[in-house]
Amino acid sequence: GDCTLAFDSDGRLFWSYLGSPVGSYFSTVGVDMFVAQCDPVTGEILPGYPVNVSQQIGVPASSGINNDKSWLTVDDHPGSPFRDRLYLAWTRIPASGAEVTMTSHSSDHGLTWSPPLILGSTDPSLLIWPAHIAVAPNGDVYVADHRETGYPTGTSGYVMLFRSTNGGQTYPQQSTPFAPGKADLTFNVQSLAGKIPGARFWLQGTAQPWVLPDPKVPGRVHV
């Protein structure tokens, strides 16, 4: 599940997705992230792929971790010093403890990945989920996520934005495009607080902020 696709500047096609080693979604074994390079004409997975990124970088499902909502982007910008680098952002959901936004990058077409970075708070009282990632024309990388105090009921949500200028090695710049209380939402689970009268469907997808570096105006970022 949670598939994303991206092309690099040479037309290579990459596919990221979640998978459970025992074939059961969110099983007691957990969920891993996979990345594959595919034939852009047939869609066939190429030799050497898929790569179990979670296993490689030390956050495997076998340790009781669910790696959720992974998002893949590729720096396909000709003027970038990190051209064709792959980036992943996702939420690490451990069996106990804090949920966190994490990111990793690959400089060899997804075959090997950098040690994962935790972005922002590790406060276990926060529900941090999910994340989105994008690359600007100059190679800067932006990650946005949604944060809430406790289970989302539409009262305290906010959005964090992280920026890297060195190809995903560090993300020192942090800002809050939507302050606490300005990105409120509810998952609308009917048995919990915060439900919308008459709307009997869940709204988990609304939590994900999207970030778009402006392709024409340097330095402008839309969230």
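Let's start with the largest nonpolar core, which has 24 residues. By nonpolar core I mean a set of buried Ala, Val, Leu, Ile, Met, Phe, Trp, Tyr and Cys residues joined through side-chain atoms within 4.5 Å. And buried means under 20% relative accessible area, with exposed over 50% and partly exposed in between, using a 1.4 Å probe and protein chains only. The members that touch the most other members are Val 53, Ile 57, Leu 72, Leu 86, Leu 88, Trp 90 and Trp 113.

Which elements each supply at least two residues of this core? They are strand 2 (13-19), strand 3 (32-38), helix 1 (53-57), strand 5, strand 6 (86-93) and strand 7 (100-106). Strand 3 gives the most, with four residues. Helices here are DSSP runs of H or I with at least four residues, strands are runs of E with at least two, and the numbering goes from the N terminus.

Before I go on, a word on what you're looking at. This is a predicted model, where local features need pLDDT of at least 70 and side-chain atom pairs count only at pLDDT 80 or more, while totals for chains, interfaces and linings use all residues. Residues are numbered from 1 along each chain as its sequence is written, and side-chain values use heavy atoms, with hydrogens and water left out.

Back to Val 53. If we skip its neighbours within four places in sequence, Val 53 is in contact, meaning heavy atoms within 4.5 Å, with Met 33, Phe 34, Val 35, Leu 88 and Trp 113.

Okay, salt bridges. The rule is a side-chain nitrogen of Lys or Arg within 4 Å of a carboxyl oxygen of Asp or Glu, and the count comes to five. In one of them, Asp 2 meets Lys 69 at 3.9 Å, N to O. Asp 2 sits in the segment before strand 1 (4-7) and Lys 69 in strand 5 (residues 66-74), so this pair ties together parts 67 residues apart in sequence. Both ends are partly exposed: Asp 2 has a relative accessible area of 28%, and Lys 69 has 23%.

Another pair is Arg 163 with Asp 140, at 2.8 Å, N to O. Arg 163 belongs to strand 11 (residues 158-164), and Asp 140 to the loop between strand 9 (126-135) and strand 10 (141-149), so parts 23 residues apart in sequence are tied together. Arg 163 is partly exposed at 24%, whereas Asp 140 is buried at 6%. There's also a network: salt bridges that share partners join Asp 8, Asp 10 and Arg 12.

Four strands form an open sheet in the order 9-10-11-12, with antiparallel pairing; to pair, two strands need at least two bridges between them in DSSP. Strand 9 and strand 12 (173-178) are the edges, each pairing on one side only. Strands 10 and 11 pair over seven bridges, and Val 141 stands opposite Ser 164 in strand 11.
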